[in-house]
Amino acid sequence: PCSFKEAGCRYKGLRGITMERHMEESSQQHLVLMCSLVTRQQHQITSLKNAMSRLALNQTGTLVWKITDYSNKFADARSKEGMELVSPPWYTSQFGYKLQASLFLNGNGAGENTHLSLYIKILPGEYDALLRWPFAHSVAFTLFDQSEKACNIVESFVPDPTWENFQRPSKEPDSLGFGFPRFVSHETLTKRNFLKDDTLFIRIKVDPSKIVAV
């Protein structure tokens, strides 16, 4: 068979002069077949990458977000108005809602220049057509105190079903979502060990079983 068989060539002549003639006469056809094969392989690779990305996403409903190099990022936030950090996206469960958190180190809105502002928003997910809308799970934000005797800061809320933020998203949302513009003050951050080794840890936990904030 032709050495371009895997690319789709169906020639089955004998080796030798006959095969050499086929290779010479079919060079253009072989080029077209190879281009088609490369295109199919690129599509397969893209599909596999997308599948692996979905599998790699957190599906526990809880994100522990590690913010490193805080000093430099905070300095950038002070010099660049509206600088926003975004978390890796995650799912509330294997077939649940897709979420993402936003953090403003120098504050946003009512917390600008004085607080860390923290928000959560709903992203278009793979299984939105099967889910109940509006989104109604309670959400809790925790800033970890990295001391042996920890005194964490916790804020939580239950979504208001009338808010547009909690309806099924048709595209990547432009808005911040919902959260706390005054999540924690810059002054409080300097106390205890919320900031240790230039690193913050923030947990965002979604709990479908709770209908009141905790």
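**Notes on side-chain links**

1. The structure holds one salt bridge, meaning a side-chain nitrogen of Lys or Arg within 4 Å of a carboxyl oxygen of Asp or Glu. Bear in mind that this is a predicted model, where local features need pLDDT of at least 70, side-chain atom pairs count only at pLDDT 80 or more, and totals for chains, interfaces and linings use all residues. Residues are numbered from 1 along each chain as its sequence is written, and side-chain values use heavy atoms, with hydrogens and water left out.

2. Which side chains form the salt bridge? They belong to D145 and R192, at 2.5 Å from N to O. D145 sits in the loop between β6 (138-143) and β7 (153-157), and R192 in the loop between α4 (186-189) and β9 (200-207), so the pair ties together parts 47 residues apart in sequence. (Helices are DSSP runs of H or I with at least four residues, strands are runs of E with at least two, and both are numbered from the N terminus.)

3. Buried means under 20%, exposed over 50%, and partly exposed in between, using a 1.4 Å probe and protein chains only.

4. As for disulfides (a pair of cysteine sulfur atoms within 2.5 Å), the count is zero. C9 itself is buried, at 6%.

5. C35 is in no disulfide either, and its nearest cysteine sulfur, that of C9, is 15 Å away. With a relative accessible area of 46%, C35 is partly exposed.
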